[in-house]
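Please examine the sequence and the structure shown below before reading on.

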Amino acid sequence: MAAAGRNRRRRLTERIERARARLELYERREAEILSGGVQSYGIGSRNLSRYQADLAEVRSAIDELIEEIDGLEAQLAGDAVRAAFAVVPMDF
């Protein structure tokens with residue numbers, strides 16, 4: 001049983017590390033986009049696109065990664081995982 005707990009902690013730690021690495025990349029991309037510069041230009045019949053994602057997509061990915069990291073860290077700390085539930089109003 002203790003081995004299963006260690007394996008779970010290791011997997012969670014690995015997932016957190018991967019998510020943080022991705023978050024760092026997205027934050028760098030956001031900084032590149034915000035710093036300006038040429039996003040696309042053309043010379044004759046040739047075109048160059050520097051960024052494949054727009055700022056809104058990058059920021060959305062950053063927000064999702066932050067939420068994912070927070071959830072994984074909560075699981076690692078032993079906190080309860082967020083549960084979703086629905087309330088259905090009924091008319092009697």
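Helices (H or I, at least four residues) and strands (E, at least two) are DSSP runs, numbered from the N terminus. Along the sequence, these elements follow the pattern α-β-β-α, and the protein has 2 helices and 2 strands. The model is predicted, which is the reason for the limits applied: local features need pLDDT of at least 70, side-chain atom pairs count only at pLDDT 80 or more, and totals for chains, interfaces and linings use all residues. Residues are numbered from 1 along each chain as its sequence is written, and side-chain values use heavy atoms, with hydrogens and water left out.

A residue is called buried under 20% relative accessible area, exposed over 50%, and partly exposed in between (1.4 Å probe, protein chains only). Of the 92 residues of the protein, 15% count as buried. A nonpolar core is a set of buried Ala, Val, Leu, Ile, Met, Phe, Trp, Tyr and Cys residues joined through side-chain atoms within 4.5 Å. The largest such core has 7 residues: Ala-19, Leu-23, Ile-33, Val-58, Ile-62, Leu-65 and Ile-69. Helices α1 (2–34) and α2 each contribute at least two residues to this core, and the largest share, 4 residues, comes from α2. In soluble globular proteins, nonpolar side chains tend to be buried together.

A salt bridge is a side-chain nitrogen of Lys or Arg within 4 Å of a carboxyl oxygen of Asp or Glu. The whole structure contains 5 salt bridges.

| Pair | N to O distance |
|---|---|
| Arg-10 and Glu-14 | 3.2 Å |
| Glu-24 and Arg-28 | 2.6 Å |
| Arg-29 and Glu-32 | 3.9 Å |

How far apart in helix α1 are Arg-10 and Glu-14? These two residues are separated by 4 residues, about one turn of the helix. Because Glu-24 and Arg-28 are also 4 residues apart in helix α1, about one helical turn lies between them. Arg-29 and Glu-32 both belong to helix α1 as well, 3 residues apart, which is again about one turn. Side chains of opposite charge can pair when their charged atoms come close.

The partners can also be described by their accessibility. Arg-10 has a relative accessibility of 43% and therefore counts as partly exposed; Glu-14, at 32%, is likewise partly exposed. Glu-24 is partly exposed because its relative accessibility is 41%, and Arg-28 is partly exposed at 45%. For Arg-29 the relative accessible area is 30%, so this residue is partly exposed, and Glu-32 is partly exposed at 34%.

Glu-24 and Leu-65 are 41 residues apart in sequence, while their C-alpha atoms are 9.9 Å apart. Leu-65 is one of the residues of the core described above.

**A patch of negative charge**

Where do Asp-63, Glu-64, Glu-67 and Asp-70 gather? They form a patch of negative charge on the surface. Patches are made of residues with over 30% relative accessible area and no salt bridge; like charges are joined within 9 Å, and nonpolar side chains (Val, Leu, Ile, Met, Phe, Trp, Tyr) within 5 Å. Lys and Arg count as positive and Asp and Glu as negative, whereas His and the chain ends are not counted. Asp-63 counts as partly exposed because its relative accessibility is 48%.

Definitions and conventions. Areas by Shrake-Rupley, 256 points an atom, 1.4 Å probe, with all protein chains shown as cover. Charge placed at Lys NZ, Arg CZ, Asp CG, Glu CD.
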